[in-house]
2 protein chains.
Amino acid sequence: MSMNYDKINDWILREDSFDAAHLGKCEAIMSLGNGYLGLRSAAEEKYLNETRGLLINGTFNKFDPTAVTELPNVPDMTAVELWIDGIRFNLEQGEVEQYSKELNIRTAELTREIVWAAPNGKKVKLAFRRVVSLSRIHDFCIHMDITALSDDMEVKVSSGIDGRVTNTGAQHFTDGEKRFYDGRYIQYVPVTTESQITFVENTVHRFVKNGSEIDVPIQVNMDTRNVYGVYQIAVAAGETLTIEKYCNVYTTRDLDVQDKTVAELQQYSLAQLKEQEQMGYDAVAAETADAWEEKVWNRIPITIEGNEYDQFAIRFAQYHMQMMVPAHDNRMNIGAKGLSGEGYRGHCFWDTEIFLLPYYMFTQPETARKLEEYRYYSLPGAHSKAAHNGYEGAMFPWESAWLDDGEVTPEFQGVDIVTGLPIKVWSGFIEQHITADVAFGVWQYYAITGDQDYMDKFGYELIFDTARFWVSRLEDTCRQIIESVNPETGVTEFSETVTNDGLYHICDVVGPDEYKEHKTDNAFTNYLAVWNIRKAMEYYNLLKESNPDLFDALNAKLSLDDYYKQWCEKVDKVFLPVPGETGILPQDSTYLTLQDIDLSKYKQQDHVNGIFRDYNLTQINQIQVSKQADVLVLFFLLEEMFPHEVKEATWKYYAERTLHDSSLSFCTHAVLAADMREKDMAYDFFEKSANIDLGPVMTSSNAGIHAASFGGIWQGVVYGFGGVRMLGGKLRIDPYLPEEWTRLQYTIIWQGQNLQVEVTRDMVTVTNLTGTASVELELCGTPCELEKTITSKLTA
Amino acid sequence: MSMNYDKINDWILREDSFDAAHLGKCEAIMSLGNGYLGLRSAAEEKYLNETRGLLINGTFNKFDPTAVTELPNVPDMTAVELWIDGIRFNLEQGEVEQYSKELNIRTAELTREIVWAAPNGKKVKLAFRRVVSLSRIHDFCIHMDITALSDDMEVKVSSGIDGRVTNTGAQHFTDGEKRFYDGRYIQYVPVTTESQITFVENTVHRFVKNGSEIDVPIQVNMDTRNVYGVYQIAVAAGETLTIEKYCNVYTTRDLDVQDKTVAELQQYSLAQLKEQEQMGYDAVAAETADAWEEKVWNRIPITIEGNEYDQFAIRFAQYHMQMMVPAHDNRMNIGAKGLSGEGYRGHCFWDTEIFLLPYYMFTQPETARKLEEYRYYSLPGAHSKAAHNGYEGAMFPWESAWLDDGEVTPEFQGVDIVTGLPIKVWSGFIEQHITADVAFGVWQYYAITGDQDYMDKFGYELIFDTARFWVSRLEDTCRQIIESVNPETGVTEFSETVTNDGLYHICDVVGPDEYKEHKTDNAFTNYLAVWNIRKAMEYYNLLKESNPDLFDALNAKLSLDDYYKQWCEKVDKVFLPVPGETGILPQDSTYLTLQDIDLSKYKQQDHVNGIFRDYNLTQINQIQVSKQADVLVLFFLLEEMFPHEVKEATWKYYAERTLHDSSLSFCTHAVLAADMREKDMAYDFFEKSANIDLGPVMTSSNAGIHAASFGGIWQGVVYGFGGVRMLGGKLRIDPYLPEEWTRLQYTIIWQGQNLQVEVTRDMVTVTNLTGTASVELELCGTPCELEKTITSKLTA
C-alpha cells in the first residue's frame, strides 16, 4: 500500500505491499504507453476497485447527445484470470508472502513478483512482466511465470478480450464482431457508437513448460462483449508454467493503416500479431528498452547529483512525457491525464502550451511541432466556437478533443453544498485566456526552434486568427458581474453594472485561478490578449515585407488589412491592471477588495478542493482565495514586463492566498521562487510538484497522472534551477543549485543546436554538442555568443 | 457457498456460508419484486463478481442499432458501503464468524446476519433486512443494524444512487440530473438512450442510535453517474447503529403517473419517498407481508404433506411467479428470467403461454388476462414480422419485448468450435410455432376462465389473425434443407431438394427442440398450425351465428370470408407426421434417420450445452439428440389426439435422446410421466424441475431464475400428480400421490368457481368453495357435475 523508493537508483519505482483499497495509484503512475496507446497497470487478476484502462489517443466518442466526447476505454486484454485448484488467484485471500510491483522506467517494463499461499495451503510463485512496445506502437505483451512451490496443482486460465469495460459506466462501443482463428487467435472488432471508429483487437496465448512450448486445448467462449479462451494445465510441484499473451490494437483512425478496409485490417493485424508472437516476449521487451534508450535516455539525459529522489523524479517525468505524447499523429494532443486514466476525458487544455510544450520544444522539436500543428488543424472548432459566441476569428476551446469538436468542457462538475445542485463549470464558456495561450505557444515554439516552415504553413495564421478573436472580444464598457442567489430556487443569478471609461475591457471571464468566476479585467487574460494582438501586428508588418506572397494569401483569407486597422485603433486602449502603492498587481478588478478569511484549515488538508465542503462557489468568489497561480503565470510568461519589486510583493500576497488545488500551481511557484532566488521555497515547491504523482499519497492519481505537472517538474529543474528561459525571443541561462544538489546537467536544443548545460555549485558550463552554428545567449546576466563551450562562475 | 434447507418449514430459504465465487445464485433466487420492479439480492457491500440488478418491467431500451432491445439495469440503490475504522467491510477479508442470508418467501423479506471481525480485530455484528413493497409497487427499503461487539469504532457509510451499473457492459442511460433536497434526499433522473423513458429515483438515509434518531452530517457527492452521501458515525462498544435506506423509482412509462410531467414526477416521487420514510421500515415490511398473505398464500394455498422440500418448492415457485408478473400493466409480459437477471434481456417467449399461463389462468385469471391482452396489443409487431417475411396475418416474434418491437431475438449466441465464428441463432427467423402457441394460449384462457369479454375484444381476433398467418405459411412443395460447410470460409451454406406430393408442408423450421434446425414438417409445428386453423374455422362459423355484429366487424378488418375459403381448401391437406410401425411419432421428416451416438457423457454433465464443446450445431443437426421435449409437448397440449401406445413408445424413444439442455424440458417430462403413471420417473423429473433454481447447483441461476420452470413446477404438482387438465374445453381431474407425499391440496379456479382439491393416498375430494354455479368435470375417469363436494376413491 505504499510506494517504495529503495530502488530508484536502478530507475525502479516500487510498490512493496498490496492494498486492494488503493489500486488506482500504481495503475496510473506505473502505466505503460507509447503515445499511440496508454495502458493502465491494473493487475492481471481482477479486483473490485480496479480501473482497467486501454486508451488510444484521438479516438474520441460521445456517449450520447447530453455527454461530452471522451477517450473511450477500449476492450481490455490485460486481464488474465487464474485459478489454482479451483481457487481464484487474488491477493485479497490466502497469504501474500511476498509482493512487489515495479516499474522500470529505463526499460519501460512493468513487473510483479508474488509468493502466494492459496487458502488451501498450496504455495505458488508468480512473476509477471508486461511491456508496451515503443517502436511497434500497436503492440503489447504479457509474460507470466507460475511456479508450483509446494504441491502439484491444476492451473485454470481464463483470458481473452473483454468489452465490458466502460468509462465510469459509459459504454462507447457497439458489441463487436468476434472470432477465433486457427482455434487460438482471438479477434474482436468493436466500433465506437458515435464517431464510428472501428477497432481491431487481437490476442493469442502461448504456453511453455519445462522450457518447451506445450499445446493446451482451448475451450472457446463468446459471451456478450467478451471473447476468451479457458485453459487447464497441470503443474507439478517445482515446475514452472509460462504463459505469454501477445496483444495488438488497430483503429480505422490510425494514419498508418488508412489504406486498408476493415476486412484487410482484420487480416493485417492478425498477421502482425503472429509476427509479434514469433519475436517472443524477450525480443519485444529488448527492442522496447533499446528504443527508450535511443529516444529518451541517450538523447535527453538529465543528471541531478546529490538527491536520488529528484534524479528519479525528473526521469519519471520524462518517462511519462514520452509515453503520453502522440508523436506519430498531428491530429491529436496530450490529455490532462495523458493516457493513464479517464480523468478529464482525454481532453487537452492550456496545459499543453504553458506546462508541457517547453519540454518538447527544448528536447524534441519535431514532437513539439506535431502538437502545434494540432492547434492549426483544430481551427474549425475554434472558428465555430467564436461564431457561436458572437465573436470573430479563432476562439480556442477551453477543453479540446477531436479537430472539429470545438468546445468540449462538461457543463457541470461536483455538487453545490448550499443548493444541492450540480456546480456549473464556467470554463468552457468564459475561461478565454486559452486562445492567447495557444498563440503564445506558437511564438515560443518558433523562437526556440526557429522552425520557419511551421510559421509559414501554420504559425502566422494562428497568431493572426487569434488576434482577430481578441479584437472582437474587447468591450467598450466595463461590466462588473454581480452574483446573487435566488432564495426561492437556490439558483445563482447574475446582474451587472456598466461603466464607461473610454478604455477597452475584457469582462465576465475566468482567469487561470478558477476560484474566481465572472471577473472583469483579469490581469493574465488582458496582458496576454494585448500581447497576442501586438504579436499579430508585428508579424503583419514583418510578413508584408519579408514574404509578400504569404502575406497576400493570408490577407485574402483573413482580411488582415481590416483587422490591422482595428488592432492599431484598440490595442493601446485596452485596460491593463497595474500595481498600486503596495506593489501588488491586482488579479482582476475586485480581488484585492474581497473578504479575507483564515485559510489555514484548507492549506493543511492533504486533499484538494476541501474548501467546497464549507463554501459554495458563489461564496468562494467573494473571498480572497485562489485555486492556483494566476498573476504568477503572467510573470512567468512575460517576465520582462514586470519589475522585480512588483513580482516580489505580488508573489508574496497571492502565495498566502493560494490553496494549490490545481496540480499546475506548485511548479509555477517553484520556478518563480527560483527566479527570485528564494532557494528554500523554490526547492520546497519543486518537491511538492515532484510528489504530485510520484509521492506517497495513494489516492490523488486514481483518475490518471497529472500530465502538466510532469512538464512542471521539468520546468522546475531546467527553467527553475537550470535558469533557462526564452525571453523576448532570446535564450537566457541563469542557473544555480539548491542546497540538496551538487551537480545538474541537462541538454536543450536551441534553434537546432543541442546544448549541454552543466551546473555545479560554483560553475556553469554550456557546450554546443551540435556545433553547426553559434548561439547567442545571455549567460548569468551576460550576453554572449556560444561557439563550442562557455563557462561562467556562479556565486552562492 | 451452499444452500441450506433447514428452515424451509418456516418458509425460509437460507445460504449458510459466503462464497465470493458464487454470488449469482442467491442474488437471483432470493430476488425481491412485485411485478413492477425486480431487485436482485446483491449484498449491500460490493464484490467483484456481483451482479446488481434493478429491473423495471417493460422499460426496454436498445443500446445501439446493432443490438437487440433489452430491459436496462437501472441505477442501483442497494449498495451501502461501510468502513469500520477505515477498513472496508466485506466478507473476503477478516474473519466471518457467523453468516446467514435468508429469504422468507412468506413475508418476502430478505435478511442477512453476520458476525465479522475486521482485520484489525474489531468485531461487529451486522443485521440487514430488505423488503420490496407489494402494495406500493415503486418502493423498497433496507434496514441495517450495526453493533460494535468488542470496541468503540468509527463507522463510515457511503450510499446513494449509482448509475455506473450496466447490462454486461451496455449502458442504457444518459447520465441523469442529480440533486440533493433538504441536504438529505437524493434524486437521480436518468433517461434511457433510445426509448427515451425518464426514470426518477429517490433515496434517503435515516440513522438511529440507542433508540433515537440522530442527525448525521452528510458529505454530498456528485460524480459521473453517481450521487451519494458520505456519513461518519462513532459507535461505542455495545452500541447499535441503525441505518435505514428508503428508495423508490418511477418512470414516465408507468401507467399510474401518466398525468404528470417529469418535473411533477420529481416532486411527486420525492413526496412519496417522504411518506415511505414516515411509515418506517417495520410498517413497510408488515404491509408487504400482509399483501403476500392476502394475494398469494391465503388465496392460492397449496399443501404438500410428506415432503418438506416439495412443499417449499411449490411455494417458492408461487413466490417467484408472483414477483415477476406485471399484474399492473397489460403492455408487458414475463421475461424468461422474470425480473431477476439480465438473461434473455427481459424478453418473453412461448414460455408464457405453454409453461406459465396455466398457473395464472387457474389461480389469478385477472392476471392471466393481462398477459393475454399483451399479445393482442403486440399485434403491430406480429404484423410487421409477417409482412417482413412475406407472409400474411399475425406472425408472432419468437422473442418479444415492447409492443411494436416485433422480433427481438438476437442473431448470434455462443461460438462454433469448428469455425471459430459466432453461432447464428435461427429461432428469430424460423422457430415459428410461437404463433400457434399464442393462439393456443388464447383458447386455453377462454376455456378455463370462460372470459367471453376477452374473446370478444381480443381473443377471436387473435385466433383469426394467427390462422391467417398459418395458411399463408403453408408451402405446396416439400423442401428439405441441406446444410454444408464451405471448406474455404468455414461458413455453413444451405441448399435444398424440392418434391411435390400434393400436400402442404411447413419447411425450414426449428421446432421446440432447438438442436434441430432447418427441418421440414416438425410434428409440433404442423399439428399446432392445423389446430390453429381449425380453431379459427370453428370460431368463424360460431361467431357468424352467435355474434353477427362482431363477426362483421372482424370480417371487415381481417377479410375472414376470403381466408375461410383458404382454410377450408388447405387444412385437410396439411401433412401431419404419423407414427410408423414402431409407434414412434417422427419429430420431423428426418429425425428418425439421423445418426445415433452415445450421449451418456452429456447426460452426466451437471452443466447444460456440454455437447457444444465437442460438436458444432451443423453436426448436432445430424445426430438423434434433442435439447428438450418436442413431440412430448404436443402430446401434452393435444393429449386427446394420440393413443396411449403411441405416447408411450414415442416418450421412451425421445427421452433417451434428450439432454434437457433447456429448463423447459424436465417439467414436461414430469407431467407426461405422471400421465402415464410412471410414478418414480414422474417424481424424479419433478424433483429435477424443482431443483433448477432451488437446488444446490450454485452457477446455473446466475443470469436469473428460470421463469417458465416455476410454471413447470406448478404443472408438475397440479397437472402431473394433481391430474388437472383442460381437455377439449373440459376440466379433467385425475390425481394420485407419489410415494413421497401423503397429502396434496390445491385450489384452482374453473370458470369463476374456486375449487379446492384434496388428494390423499386413497381419496380425492373436490369442493367448490365459490359454489355459485355447478361445474362439469371428469373426475378420475368419470364425468360428473360438481355442486358442492364430490369425492372419488383412488386405487394405488
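## The second largest pocket

In this predicted model, the second largest pocket holds about 590 Å³ of space. Its lining is made up of 25 residues, and those that lie nearest the centre of the pocket are A20(A), L91(A), E92(A), Q93(B) and P119(B). Sorted by class, the lining of this pocket comprises 13 nonpolar residues, seven polar residues and five charged residues.

## Where chain B meets chain A

The contact between the two chains involves 38 residues of chain B and 38 residues of chain A. The area buried between chain B and chain A is about 3,000 Å², and carbon and sulfur atoms give 56% of that area.

On the side of chain B that touches chain A, the strands β13 (173-181), β17 (219-223) and β21 (412-415) of chain B each supply at least two residues. Of the contributions to this side, that of β13(B) is the most, with six residues. By class, the side of chain B that touches chain A has 12 nonpolar residues, 15 polar residues and 11 charged residues.

## Salt bridges

Over all chains, the count of salt bridges by this rule comes to 110. One salt bridge joins E277(A) to R184(A), and the closest N and O atoms of this pair are 2.9 Å apart. Because E277(A) lies in helix α2 (residues 262-279) of chain A, while R184(A) lies in the loop between β13 (173-181) and β14 (185-192) of chain A, the pair ties together parts that are 93 residues apart in sequence.

Terms used. Residues numbered from 1 in each chain as written. Chains lettered and ligands numbered in written order. Predicted model: local features only at pLDDT ≥ 70, side-chain atom pairs only at ≥ 80, totals over all residues. Heavy atoms only, no water. 1 Å grid on protein atoms, 1.4 Å probe; cavity = no way out; pocket = protein on both sides within 12 Å on 5 of 7 lines; lining within 4 Å. Points joined across faces, edges and corners; volume = space filled by probe spheres on them. Nonpolar A, V, L, I, M, F, W, Y, C, P; charged D, E, K, R; others polar. Contact = heavy atoms within 4.5 Å. Buried area = accessible area lost by both parts, 1.4 Å probe. Helix = DSSP H or I, 4+ residues; strand = E, 2+ residues; numbered from the N terminus. Salt bridge = Lys/Arg side-chain N within 4 Å of Asp/Glu carboxyl O.
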